[in-house]
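Okay, thanks for coming, everyone.

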Protein chains: 2
Amino acid sequence: MTLALPAAEAARELVEPVLREAVARLDPLTARVARYHFGWADSDDRPCAGGGKALRPTLAVLSGRAAGADVERCLPAAAAVELVHAFSLLHDDVMDDDPVRRHRPAAWTVFGRSHALLCGNALLTLAGELLLEQETPGCAAAARALNEAALSLMAGQALDLEFQGRDDVTREECLRMSRCKTASLLACACSIGVTAAGGPASLAGSLAAFGAEAGLAFQLADDLLGIWGSTEATGKPVLADLRTRKKSLPVVAALTGPTAAGRRLAELLARPEPLAESDLHDAARLVEEAGGRAWAEAETGRRLDAATRHLDEADLPADVRAEFLHLARFIATRDH
Amino acid sequence: MTLALPAAEAARELVEPVLREAVARLDPLTARVARYHFGWADSDDRPCAGGGKALRPTLAVLSGRAAGADVERCLPAAAAVELVHAFSLLHDDVMDDDPVRRHRPAAWTVFGRSHALLCGNALLTLAGELLLEQETPGCAAAARALNEAALSLMAGQALDLEFQGRDDVTREECLRMSRCKTASLLACACSIGVTAAGGPASLAGSLAAFGAEAGLAFQLADDLLGIWGSTEATGKPVLADLRTRKKSLPVVAALTGPTAAGRRLAELLARPEPLAESDLHDAARLVEEAGGRAWAEAETGRRLDAATRHLDEADLPADVRAEFLHLARFIATRDH
């Protein structure tokens with residue numbers, strides 16, 4: 001998915017040179033893995049057009065604008081958040097044994113697990129470097145906030161791995177995992193520009209709360225796409241999350257409800273053998289019958305409402321408020 | 001190996017509570033892996049006596065004393081360096097498929113690769129956190145120095161992995177790898193106390209140069225132990241580095257010299273089949289005949305001399321100088 005939004009286009013164009021300069025500092029082997037992962041080069045290191053959707057840098061730049069900071073001053077923070085995101089994708093794909101990322105072979109399938117892990121480590125470390133080399137108290141505080149988000153993200157991945165081996169995961173546990181794994185870095189992206197510019201803590205707090213709720217809406221939308229999204233939208237096979245029996249939010253909502261469909265879904269997912277295509281379609285239907293889809297869609301709306309309320313707490317310039325809101329609605333209402 | 005030195009004992013006792021408090025902040029799953037890795041708990045999370053040799057924290061505390069800082073003020077930096085070291089051990093053992101660490105099963109064999117990797121990531125991130133939460137310019141600079149050392153360490157691991165697939169590694173390449181993988185974090189440990197305390201950059205520079213040379217001496221000693229060390233000294237099977245055909249410094253020195261023994265060693269190590277015990281003993285003898293052992297022993301001495309010269313550049317209190325020198329000699333002259 002590309003964010004076809006002017007703010008995202010602008011942020012991507014501004015942040016990419018900062019990311020490229022940072023990657024160029026790495027040892028040649030690791031820089032090559034990073035160029036591939038970011039979509040700047042193919043597996044033979046030939047330049048190619050590509051790249052992620054730059055959602056987090058866009059939010060970080062907006063966050064700086066919320067504090068009245070020059071866009072230029074927000075770029076290290078915007079790039080740093082994207083580096084932490086890239087780190088998590090590189091590592092998660094290794095841990096989850098996931099061979100596809102953004103419609104291409106995941107970096108580990110091209111360069112091996114160790115080099116993908118090392119590249120992730122290097123990008124995580126570079127993120128701190130970009131902020132600390134600014135040598136301002138605001139950027140040191142931003143580095144701290146980003147560290148905290150990274151720790152939360154790791155805790156979320158640890159929970160995700162643990163859930164794979166359990167059949168009694170509750171909806172609350174699943175929401176907590178999503179809060180850690182997805183929402184905390186988005187919360188950081190929405191507030192880091194304020195922190196880096198030395199803006200008021202209350203503004204950073206409101207924007208972080210906005211980002212956390214928008215982040216949950218994002219994860220809910222992602223989980224809905226993971227079942228009902230097209231390959232074109234997700235870059236994965238249809239019904240991808242059911243194939244891997246992922247404990248996604250709609251699935252857990254269906255399993256933990258009191259319905260007969262939920263019980264049949266549990267039986268189906270507990271089968272030891274691989275699921276056939278027809279089983280996958282049955283599973284999707286059962287998630288829907290058990291109310292998992294309706295709950296996830298309604299919950300997405302509730303999270304967006306909560307996000308909007310936090311945005312209203314912050315005294316934002318009208319254009320910044322409108323762009324934040326636009327982004328939150330956009331990421332939570334992707335086609336699925 | 002335990003550093004049976006008063007300075008090391010004292011540093012370990014002071015730093016361990018800081019490390020324990022930091023680990024207690026992690027999510028429960030990851031904290032458990034960390035307690036095991038640090039030797040504070042067994043695989044069932046029952047408390048046990050153990051722990052590493054605390055070399056890096058000892059050097060960091062000494063470094064702070066070199067700048068006249070209170071020992072208490074050096075502890076976050078000392079703990080942070082140890083956390084980065086722990087991160088690298090956890091990750092390297094996964095990447096190298098190494099099942100033994102400090103005479104015990106490596107963490108990944110107990111908790112799985114993913115949880116060991118996540119624990120490493122969390123410890124790397126906590127290291128930055130411990131320094132940045134001090135909110136002083138010195139500690140922000142120390143966090144930067146530690147980031148740089150971590151990047152160097154990762155570059156060294158990337159080279160190490162690359163060398164495993166090559167049979168034309170030169171002695172200079174091998175030294176460069178050791179400088180990245182081992183010496184840079186020791187250089188950081190020897191200077192981070194000065195940086196954290198806001199001491200003079202020239203003092204930090206001299207101590208970093210001392211640490212880099214002592215670090216190379218350390219790696220040379222380690223590589224000699226990897227061939228001729230007892231299981232008691234290394235916690236690994238005898239001839240461990242020959243078993244894995246590691247491109248260690250004595251081996252590369254033997255392979256790249258012009259001797260017949262070096263050529264026979266190359267043939268032996270190039271055999272596709274696993275090496276028998278008698279082959280390993282032959283290989284050790286050939287490294288010696290080809291001059292690899294003598295070169296590594298002489299090089300250790302040269303690096304120690306260079307380290308001493310850098311120490312002399314720094315205007316240190318006599319007791320601090322003596323302890324630095326004692327530590328450098330101790331780590332470079334372990335029995336092998």
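So, is B:Arg285 buried, partly exposed or exposed? B:Arg285 counts as partly exposed because its relative accessibility is 40%; on this scale buried is under 20% relative accessible area, exposed is over 50% and partly exposed is in between, with a 1.4 Å probe and protein chains only.

Quick housekeeping. This is a predicted model, where local features need pLDDT of at least 70, side-chain atom pairs count only at pLDDT 80 or more, and totals for chains, interfaces and linings use all residues. Residues are numbered from 1 along each chain as its sequence is written, chains are lettered from A and ligands numbered from 1 in the order in which they are written, and side-chain values use heavy atoms, with hydrogens and water left out.

Back to B:Arg285. B:Asp282 makes a salt bridge with B:Arg285, with 3.5 Å between the closest N and O atoms; by salt bridge I mean a side-chain nitrogen of Lys or Arg within 4 Å of a carboxyl oxygen of Asp or Glu. The two sit 3 residues apart in helix H14 (residues 277-289) of chain B, about one turn of the helix. Helices here are DSSP runs of H or I, at least four residues, numbered from the N terminus. B:Asp282 is partly exposed too, at 29%.

Next pair: B:Asp279 and B:Arg271 form a salt bridge at 3.4 Å between the closest N and O atoms. Here B:Asp279 counts as buried, at 13% relative accessibility, while B:Arg271 is partly exposed at 34%. Over all chains, the search turns up 62 salt bridges. Chain A has a network of them linking A:Glu162, A:Arg166, A:Asp168 and A:Glu173.

Now, what about A:Asp27? That residue is in the loop between helix H1 (6-23) and helix H2 (28-37) of chain A. A:Asp27 is buried but has no salt bridge, and the nearest side chain of opposite charge, B:Arg176, is 8.0 Å away. A:Asp27 does touch B:Ala155 and B:Ala158, leaving out residues up to four places away in sequence; touching means heavy atoms within 4.5 Å.

Last, the helix pair. In chain B, helix H3 (residues 55-66) packs on helix H4 (residues 71-95) at about 150 degrees, axes 8 Å apart. Those axes are lines fitted to C-alpha atoms over the stretch in contact, and angles run from 0 to 180 degrees between N-to-C directions. Among the contact residues are B:Ala60 and B:Val61 of H3(B) and B:Leu75 and B:Ala78 of H4(B).

Key: Lys, Arg positive; Asp, Glu negative; His and termini not counted.
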